[in-house]
Amino acid sequence: MGFRALLTDRDDAGKVSSAVTEIDEARLPEGNVTIDIDWAGLNYKDGLCLTGGGGLVRNYPHVAGVDFAGTVRDSADDRYAVGQKVVLTGWRVGEVQWGGFAERARVNADWLVPLPGGLSTRDAMVVGTAGLTAMLSINRLEAAGLTPASGEVLVTGAAGGVGSIATALLAKLGYTVAALSGRPQHAEALTALGAASIVDRNEFLAQPDKPLESARWAAAIDCVGGKVLGKLLKQVKYDGAVAALGNAAGIGLETNVLPFILRGVTLIGIDSVMQPFDTRIAAWQRIAETFDIAAYGDLVREIGLEELLAAADQILAGEIKGRVLVRPR
Ligand code: NDP
């Protein structure tokens with residue numbers, strides 16, 4: 001029986017293009033659990049995979065989509081039963097493996113997480129890779145000593161997927177959040193999520209550059225890298241920490257060692273893709289307990305497979321507000 005997918009292909013000249021296509025089930029990749037996908041999410045990496053950027057996709061034709069949630073249709077693994085709700089993020093699904101921009105997926109059971117208590121499959125994709133990464137960042141900062149009493153926490157790329165959920169989660173956990181954004185039109189939405197102040201990205205970058213600047217942030221969650229990360233490191237308070245998770249502004253990092261050797265600042269790298277099962281379960285459980293998904297509703301947009309290419313261009317241009325959910329069926 002066939003299913004619909006957004007199939008991405010590359011021609012002999014190297015041009016990558018995608019079209020919604022009916023695919024025979026026999027073409028699904030190897031795996032021990034088959035899932036009917038209820039919802040997928042759109043992430044920055046999907047923008048790259050759908051446009052051939054970043055060299056992430058190795059084999060064509062390909063189905064992109066780095067996260068999805070759905071219902072088990074068929075399982076040869078004892079941990080998962082037909083009808084069970086599951087979520088998948090990472091493990092290079094949607095990059096190396098076929099991913100979530102389809103009505104159906106076949107995957108390795110080791111990559112799945114049972115839907116945490118109380119969340120629907122739609123809720124799980126409002127969170128998605130973005131929310132999981134935000135939670136993993138908070139967990140690592142807290143393990144480094146951060147508490148709400150430590151002071152202000154800066155979130156960069158705050159109007160995007162990871163940044164907006166990080167803002168909401170931190171505020172809910174009692175932190176004082178400063179949301180850095182290049183889009184002042186989203187200031188109201190960020191304040192509604194709990195941001196105590198808004199930092200204009202252009203004004204932030206326009207401040208005179210010094211080797212060490214006034215110490216302001218107890219910690220930061222950085223979604224953008226580049227100049228923003230370089231500058232904020234110089235403003236982190238004594239013994240503070242920065243979770244670096246993204247590169248929306250570039251992969252470069254220009255800074256100096258003074259924040260590290262004079263203020264004891266810690267730079268923590270965050271990868272959500274290869275996290276072990278127990279770390280994932282703990283993070284999802286804390287998200288289920290913490291994240292007010294109803295309050296995040298204004299930052300969610302739903303699209304179908306046909307609208308994905310336009311949304312991919314928007315996410316690469318930094319124009320997405322919050323999360324885009326994909327309903328394949
Ligand atoms: P989004 O596009 O939703 O958010 C990125 C945000 O970064 C934008 O909304 C914008 O926020 C800001 N931004 C965009 N371009 C620039 C620029 N040139 N300079 C400064 N800021 C910019 O993407 P996601 O939230 O899904 O992902 C954010 C980043 O995190 C990406 O680089 C992604 O690859 C990475 N990521 C990493 C993961 C990991 O496991 N480490 C997991 C998930 C994502 P604003 O307009 O508010 O300034």
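**The ligand and its pocket**

A: In this predicted model, an oxygen atom of the ligand lies 2.8 Å from a polar backbone atom of G161, and an oxygen atom of the ligand is also found 3.5 Å from a polar backbone atom of A158. A nitrogen atom of the ligand, in turn, is 2.8 Å from a polar backbone atom of I270. Taken alone, the ligand would expose 920 Å², of which the protein buries 87%.

The shell around the ligand comprises 26 residues, the closest being S181, G182, R183, R201 and S272. By class, this shell divides into 12 nonpolar, 11 polar and 3 charged residues, and α2 and α3 each supply at least two of its members.

The space that the ligand takes is the largest pocket, which holds about 1100 Å³. Its lining is made up of 49 residues, and those nearest the centre of the pocket are Y44, C223, G246, N247 and A248. Several elements each supply at least two residues of this lining, among them the helices α1 (44-51), α2 (121-143) and α3 (161-172), together with the strand β10 (177-181). In terms of residue class, the lining of the largest pocket has 24 nonpolar, 17 polar and 8 charged residues.

Key: Residues numbered from 1 in each chain as written. Predicted model: local features only at pLDDT ≥ 70, side-chain atom pairs only at ≥ 80, totals over all residues. Heavy atoms only, no water. 1 Å grid on protein atoms, 1.4 Å probe; cavity = no way out; pocket = protein on both sides within 12 Å on 5 of 7 lines; lining within 4 Å. Points joined across faces, edges and corners; volume = space filled by probe spheres on them. Helix = DSSP H or I, 4+ residues; strand = E, 2+ residues; numbered from the N terminus. Nonpolar A, V, L, I, M, F, W, Y, C, P; charged D, E, K, R; others polar. Near = heavy atom within 4 Å. Polar contact = N/O pair within 3.5 Å; in protein donor to acceptor, adjacent residues only side chain to side chain. Areas by Shrake-Rupley, 256 points an atom, 1.4 Å probe, with all protein chains shown as cover. Sits in = over half its atoms within 2 Å of the grid points.
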